[in-house]
Amino acid sequence: MSKGGRPAGSRREIKIVDTTLRDAHQSLWATRMRTDHILSMTEDFDAANFHQVDLMAPIQFDVAVRYLKEDPWERVRLAHRHAPNAKFRALIRSKNIASFDFLADDVIEAWVDRLYANGFRVIGSFDGLNDIDNIAPGLIQAKKLGASTFGALAFCESPVHTDALYIEKAREYLEKTDVDAIMLKDAGGLLTPERIRTLVPAIKDVIGDRPLEIHSHCLTGLAPLVYLEAVELGADVLHTSIAPLANGNGQPATQAIVRDLRALGYVVHVDDARIDAIGKRLTEIAETEEKPLGRPVAYDGLHYMHQLPGGMLSNFHSQLATAGLSHRFDELLHEVGRVREELAYPIMITPFAQFVGTQAVMNVISGERYGIVPNEIKKYVLGYYGKLLAPIAPDLRARIIANGASDIPLEPSLIEPMLPSLRKQYPDEDIDHLLLRAMFPGSQVDEMKKTVASHVSGGERQYPLLELVQSLYGKMSVGTTAVRSAELSISLKKGLENAG
């Protein structure tokens, strides 16, 4: 069999959505992959022949603006410019995009418009309550523009998240949005081979010829096995990331999954050499930036109780340590599971993972359960974020409402358009940055723009590639290495005369 080719008697083709540039570094590097890192790999991504390349979701915009001080829209434009053959995809989060609270409809529509205008031709959406009414407007707008769309079925384990629920939601997606594909989104890495054996056939029976994508994480170590089982049952597309930015909190490794699929006789048309080159570049970035490499993890049954995303676990360690309560970490995990059950099993993805986790921390630290109630918990209970999948016990609901902020109305009101006032406040601002201002209050966008301007005008970080080369050379021992971007290749050599 030729590399990536079709062997005699081979089975159907399985397509790969690459998550390296989006979810992989979100899961393993706290979303700290910079634009110059991405541009140093675009040549290989352009030729790797992935079905699609996942590039941006709300958190990538958030971290770029607030922490990296980069313009996320410029990242989008540069990626498309330097990898014109890669089909980049974008994910939006219901009606809150990058904020916790819902945004006005004019912002949602304009956000989708700008994703398309800046190059995206594949746009999808998800909602932590699987409330399709919240998802539908964005997907309908994307289809009007001509984009291919996908709807995510957010997965978790609970008494209410039954196969029947997912069948109902898949059918609702087709009826209300006419999506081109369905994505089973398992952010918590909770899928098991047993559950996938019932879910995949059930969903495929509803969606017919539309592709079914499987997206999971390796938090329990089961995701690679789940992927292979899903394919055997009819799944069409798998989400993987390139090792070493794989495994652990991230997705299964592309190299291993492709190898195993081919061994089973499936056809996977990706370029192995390009994937290996990206893997080597990721190792260089990790070494230069002192970032962790993804590694397989042991099975942990406790994960099914709290269902927390991996990144939140380290935050909890830090919060409890600050309060001098590190010894109560296991207690906190159990409290997370209890709060989640009491709140009708919201799926532990943004924003609900943060809501449940914050309430659990307050319950543990204060010693009084629901004595302190964050605004978001009260809003959740009142239906501000969508229809709950199960009722909340009346006495608990009353306690949350009573102990929450008194200025939160008991009924959500219509959100007035936001763009007219933003245009009046910032008359010289382009629409891309107006949308960022709709999501990031205060001076955050101004600080980002100031930092970007300083780089362009000769500030201290004007040459990120030069910084990378200098840093990499400083860490080298005797030998050679290479740094590549979309437009140049630099070979570094450190001989004995330069050593120590």
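The fold and overall make-up of a predicted model are described below. Residues are numbered from 1 along each chain as its sequence is written, and side-chain values use heavy atoms, with hydrogens and water left out. Because the model is predicted, local features need pLDDT of at least 70 and side-chain atom pairs count only at pLDDT 80 or more, whereas totals for chains, interfaces and linings use all residues.

The chain has 22 helices and 10 strands, taken as DSSP runs numbered from the N terminus (helices H or I, at least four residues; strands E, at least two). Eight strands form a closed barrel in the order S1-S2-S3-S4-S5-S6-S7-S8, with parallel pairing, where two strands pair if DSSP finds at least two bridges between them. The twist from one strand to the next averages 30°, with axes fitted to C-alpha atoms, for helices over the stretch in contact, and angles between N-to-C directions running from 0 to 180 degrees.

Helix H7 (residues 132-145) lies across S3, S4 (122-126) and S5 (148-154), running at about 175° to S4, while helix H10 (residues 223-232) lies across S7 (212-216) and S8 (237-240), at about 170° to S7.

Of the 500 residues of the chain, 57% count as buried, that is, under 20% relative accessible area with a 1.4 Å probe, protein chains only. Among contacts (heavy atoms within 4.5 Å) between residues at least 6 apart in sequence, 74% join residues at least 24 apart.

Definitions and conventions:
Buried means under 20% relative accessible area, exposed over 50%, partly exposed in between (1.4 Å probe, protein chains only).
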